[in-house]
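The following note sets out numbered points for a colleague examining this model.

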Amino acid sequence: MQKPLQQIVAENPYVPMPVEVVKIITEVDSKDIKTFRLAFVNKEDEERFKYIPGQFADLSLYVKGESPIVIASSPTQKGYIEFTVQKAGVVTSALHEMEEGTLMGVRGPLGNSWPIEFLEGRTSSSWAAGSPSRPFARSSTT
Ligand SMILES: Cc1cc2nc3c(=O)[nH]c(=O)nc-3n(C[C@H](O)[C@H](O)[C@H](O)COP(=O)(O)OP(=O)(O)OC[C@H]3O[C@@H](n4cnc5c(N)ncnc54)[C@H](O)[C@@H]3O)c2cc1C
């Protein structure tokens, strides 16, 4: 039997899931790096969005477009996902102008992850700079 259209759309990784901006954190004095805390509008989307540290998602803004951004929150944190974004061009500037309560889209998770299981029980030394720093730090809480 054919699946209902609603389910086909919901399972399609190319269709953005609706999320609400529930918190915006300004990370630096120059105000060009902000963290966006997003909550899924639909509970089923939140359950389906299973990610591991290192993966990214496409953040989509109506009319403006999409940008790939690394997921900055830890999968152990429930109820929201976070993205730390540096203002660069069209999409990221529009993101920076948003206010809490705005609805937007998220498509993902996409890409690869760090080999957390491989590191378990081993001593490791690592560093990161730039936009991946925050998600990298979050992986230590996974
Ligand atoms: C897998 C992946 C993960 C990423 N993760 C992150 C992340 O976690 N955080 C993060 O901040 N970024 C991240 N990025 C980078 C981010 O995706 C880009 O900065 C973003 O897509 C830019 O989109 P935009 O529409 O804002 O910029 P665009 O409008 O596409 O502009 C792109 C570039 O062109 C420049 N530009 C645009 N218009 C002009 C103009 N008129 N004159 C001169 N220069 C101009 C902009 O300054 C910018 O550098 C990631 C990228 C990838 C591929």
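1. The six strands form an open sheet in the order β4-β3-β6-β1-β2-β5, with antiparallel pairing. Strands here are DSSP runs of E with at least two residues, helices are runs of H or I with at least four, and both are numbered from the N terminus; two strands pair if DSSP finds at least two bridges between them. The edges are β4 and β5, each of which pairs on one side only. On average, neighbouring strands are turned by 40° against each other, direction ignored; axes are lines fitted to C-alpha atoms, for helices over the stretch in contact, with angles from 0 to 180 degrees between N-to-C directions.

2. This is a predicted model, in which local features need pLDDT of at least 70 and side-chain atom pairs count only at pLDDT 80 or more, whereas totals for chains, interfaces and linings use all residues. Residues are numbered from 1 along each chain as its sequence is written.

3. β3 and β4 are joined by six antiparallel bridges, and Leu61 has Gly65 in β4 as its bridge partner. The two strands form a hairpin with three residues between them, and Val63 in the turn has a positive phi of about 75°. β3 also runs antiparallel to β6 (residues 103-110), through four bridges; there, Leu59 is partnered by Val106.

4. Not counting residues up to four places away in sequence, Ile69 touches Phe56, Ala57, Leu59, Phe83 and Val85, a contact being two C-beta atoms, placed from the backbone, within 7 Å. α3 lies across β2, β3, β4 and β5, at about 80° to β4.

5. Along the sequence the pattern is α-β-β-α-β-β-β-α-β-α-α. Of the 142 residues, 19% count as buried. Among contacts with a separation of 6 or more, 67% link residues 24 or more positions apart.

Conventions
Buried ≥ 20, exposed ≤ 12 C-beta atoms within 10 Å, placed from the backbone.
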